[in-house]
Amino acid sequence: MLPASGLTTNGIGFKTADNLTMQLGIDRVSLIRAQAGVRHVLQECSGEGHCAQPFQTLVGDAVKLLEIPENTIKEAIQCEINEERLTPETINEVPCLFLTPLYRAEQGVANHVNRLLQGSSAWSGIAMDKAIPWVEEKNNIQLSDSQKGAIGLAVQNKFCIITGGPGVGKTTVVNSILKI
């Protein structure tokens with residue numbers, strides 16, 4: 001049988017485990033197979049950086065993977081919700097589903113960010129019109145307008161996320177923030 005808490009067993013992928021369970025007599029339209037397939041689809045999405053998937057997309061992907069009726073997938077999803085392995089959440093008015101551990105992790109991050117945002121930054125009084133030219137001189141660099149903006153946001157606020165592709169100057173921004 002497929003493990004209830006995981007999608008692979010010691011390196012055995014879903015398809016291999018799925019084939020083995022059917023050879024052991026598990027019906028291809030069984031609820032347990034549908035539940036494992038739904039979790040597998042969500043796990044694959046998480047591997048691509050997504051913490052949730054819209055309900056309808058999940059149903060479609062699971063039907064395609066398992067080649068079983070949509071109603072069986074929907075029943076499996078409800079069982080997974082009832083067993084607290086999946087967590088439903090509406091995102092931008094779209095019903096979505098999370099693997100429960102990912103949902104809890106997302107909520108934990110959100111709670112920590114909200115905690116970090118409380119109060120004001122100890123550095124909010126720094127005059128950025130003086131700090132930016134100072135850091136450019138100290139580091140012997142010329143910052144772009146977007147780098148200056150990012151530095152200003154990071155220094156003036158208690159929490160900031162710095163993103164960007166390779167070579168856009170994230171390290172330069174962080175070094176400048178630390179220098180200031």
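Which residue is the bridge partner of Pro54 in E3? I will come to that after the overview.

This is a predicted model, in which local features need pLDDT of at least 70, side-chain atom pairs count only at pLDDT 80 or more, and totals for chains, interfaces and linings use all residues. Residues are numbered from 1 along each chain as its sequence is written, and side-chain values use heavy atoms, with hydrogens and water left out.

The protein has eight helices and three strands. Helices here are DSSP runs of H or I with at least four residues, strands are runs of E with at least two, and both are numbered from the N terminus. Read from the N terminus, the order is α-α-β-α-α-β-β-α-α-α-α.

Some totals. Of the 180 residues, 31% are buried, where buried means under 20% relative accessible area with a 1.4 Å probe, protein chains only. The accessible surface is about 11,100 Å², and carbon and sulfur atoms hold 53% of that; the areas come from the Shrake-Rupley method with a 1.4 Å probe. Among contacts with a separation of 6 or more, 57% join residues 24 or more positions apart. A contact means heavy atoms within 4.5 Å.

Now the sheet. Three strands form an open sheet in the order E1-E3-E2, with antiparallel pairing. E1 and E2 are at the edges with a single partner strand each, so one side of each has no neighbour in the sheet. Direction ignored, neighbouring strands are turned by 35° against each other on average.

Two strands count as paired if DSSP finds at least two bridges between them. Strand E1, residues 52-54, pairs with strand E3, residues 94-99, over three bridges. Back to the opening question: the partner of Pro54 is Cys96. Strand E2, residues 86-91, pairs with E3 over six bridges, and Thr87 has Phe98 as its bridge partner in E3. E2 and E3 form a hairpin with two residues between them, and Asn92 in the turn has a positive phi of about 50°.

Two helices lie across these strands. Helix H2, residues 31-47, lies across E1, E2 and E3 and runs at about 90° to E3. Helix H5, residues 100-117, lies across E2 and E3, at about 100° to E3. Axes are lines fitted to C-alpha atoms, for helices over the stretch in contact, and angles run from 0 to 180 degrees between N-to-C directions.

Last, the helix pairs around H7. The axes of helix H7, residues 145-156, and helix H8, residues 170-179, come within 10 Å and cross at roughly 45°. H7 and H8 are therefore oblique to each other; angles under 35 degrees count as roughly parallel, over 145 as roughly antiparallel, 65 to 115 as roughly perpendicular, and the rest as oblique. Their crossing is right-handed, meaning that the near helix is turned clockwise from the far one by less than a right angle. On H7 the contact is made by Gln147, Ala150, Ile151, Ala154 and Val155, and on H8 by Thr172, Val173, Ser176 and Ile177.

Helix H6, residues 128-139, and H7 have axes that come within 11 Å and cross at roughly 120°. This pair is therefore oblique, and the crossing is right-handed. H6 contributes Met128, Ile132 and Glu136 to the contact, while H7 contributes Lys148, Ile151, Gly152, Val155 and Gln156.

Note on methods. Buried < 20%, exposed > 50% of the residue type's maximum accessible area, 1.4 Å probe, protein only.
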